[in-house]
Amino acid sequence: MKELVINADDFGLSRGANHGVFRGWEEGVLTSASLMVGGDTFEEAAAYARANPALQVGLHLTLVQGSGVLTQHGLPPLTDASGYFGDDPVLAGMRFFFLKPLRKKLHLEIEAQITKCLDAGVDLSHIDGHLSIHMHPVVFDILCELMPRYGIKSFRLTRENLAANLAQDRKRIFGKCADAFIFASLARRCRPMLDRLGIRYAAEVKGLLNSGRMTEQYLLRALESVGEGLTEIYFHPGSRPCPTLERRMPDYLHDQELAALTSANTRQKLAQLGIRLRNYRGEEKTYA
């Protein structure tokens, strides 16, 4: 059986991002969303999640290109004076790995992001990460301690079939090869621990190599390579004008990604291929 989780990242980042989730869920094929607790519209997103419990919601862990939840003091700093993590994911990853005094601060911040969702009445089903920071070895080891404690049963094991992607879109070949290699290596490290903990993950995750460019044309071709078992495809749907989206992700095709999620062609393709929409809890989404 082919089962597919269709997720929207950056829920809670802005009104435009929230509107993309609302429409993707109500009018389209979206089955889940990942909540950014430091976003400007977190409260609006949390209220929507409470009012729509069938929409599965997970934590979009943010430790780069976003704001923290805790005010932390002392050196080395985890955030700047305004509580912002910084924009460079490579620099952040190196700091997390080599600056051991940061690890306690990371633990506190990650746990605070989890508990902020739970305190807002959002029942977290899964964890993923902004720019896939949840796969970082130090961050992942912390999550392996916290996920069982808070009853989180699913995890985005980010890795994508490079050959299948390049068969559809040959842009950014060098970058895609690097991303595919890095995340395949990280996935090999993560998988044994997830198996020991009984944490569920998809057989493949699509969206890494074409992040921000998951158009209808691309999606229809990508669906043809969905294999047996559980697959996740993640998107960044949104509606413009939205100053936050325009400032933070000026090159992302938010409106086109939302159009892909709400397209009748997408629904027809899913039916034609016999792909069933699920969330990580195994609940099926039906649509007219």
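# A chat about the chain

Reader: Which residues form a nonpolar patch on the surface?

Author: Val-90, Met-94, Phe-97 and Phe-98 do, with about 450 Å² of accessible area together. Such areas come from the Shrake-Rupley method with a 1.4 Å probe, and for residues only the protein chains shown count as cover. Patch residues have over 30% relative accessible area and no salt bridge; like charges are joined within 9 Å, nonpolar side chains (Val, Leu, Ile, Met, Phe, Trp, Tyr) within 5 Å.

Reader: What kind of model is this?

Author: A predicted one: local features need pLDDT of at least 70, side-chain atom pairs count only at pLDDT 80 or more, and totals for chains, interfaces and linings use all residues. Residues are numbered from 1 along each chain as its sequence is written, and side-chain values use heavy atoms, leaving out hydrogens and water.

Reader: Back to Val-90. Where does it lie?

Author: In helix 3, residues 89–98. Helices (H or I, at least four residues) and strands (E, at least two) are DSSP runs, numbered from the N terminus.

Reader: Is Val-90 buried or exposed?

Author: Val-90 counts as exposed, at 58% relative accessibility. Exposed means over 50%, buried under 20%, partly exposed in between (1.4 Å probe, protein chains only).

Reader: New topic. How many salt bridges are there?

Author: A search of the whole structure finds 15. Each has a side-chain nitrogen of Lys or Arg within 4 Å of a carboxyl oxygen of Asp or Glu.

Reader: Which residue does Glu-111 meet in a salt bridge?

Author: Arg-149, at 3.2 Å, N to O. Glu-111 lies in helix 4 (residues 102–119) and Arg-149 in helix 5 (residues 137–149), so the pair ties together parts 38 residues apart in sequence. Glu-111 is buried, at 17%. Arg-149 is partly exposed, at 46%.

Reader: What about Glu-145?

Author: Glu-145 also forms a salt bridge with Arg-149, with the closest N and O atoms 2.8 Å apart. The two are four residues apart in helix 5, so about one helical turn separates them.

Reader: Which residues are buried in helix 10?

Author: In helix 10 (residues 254–262), the buried ones are His-254, Glu-257, Leu-258, Ala-260 and Leu-261. Seen down the axis, they fall within an arc of 155 degrees, so they line one face of the helix. The arc is that of the directions from the helix axis to the C-beta atoms.

Reader: What covers them?

Author: The cover includes strand 1 (2–11), helix 1 (15–27) and helix 11 (264–273). Contact here means heavy atoms within 4.5 Å.
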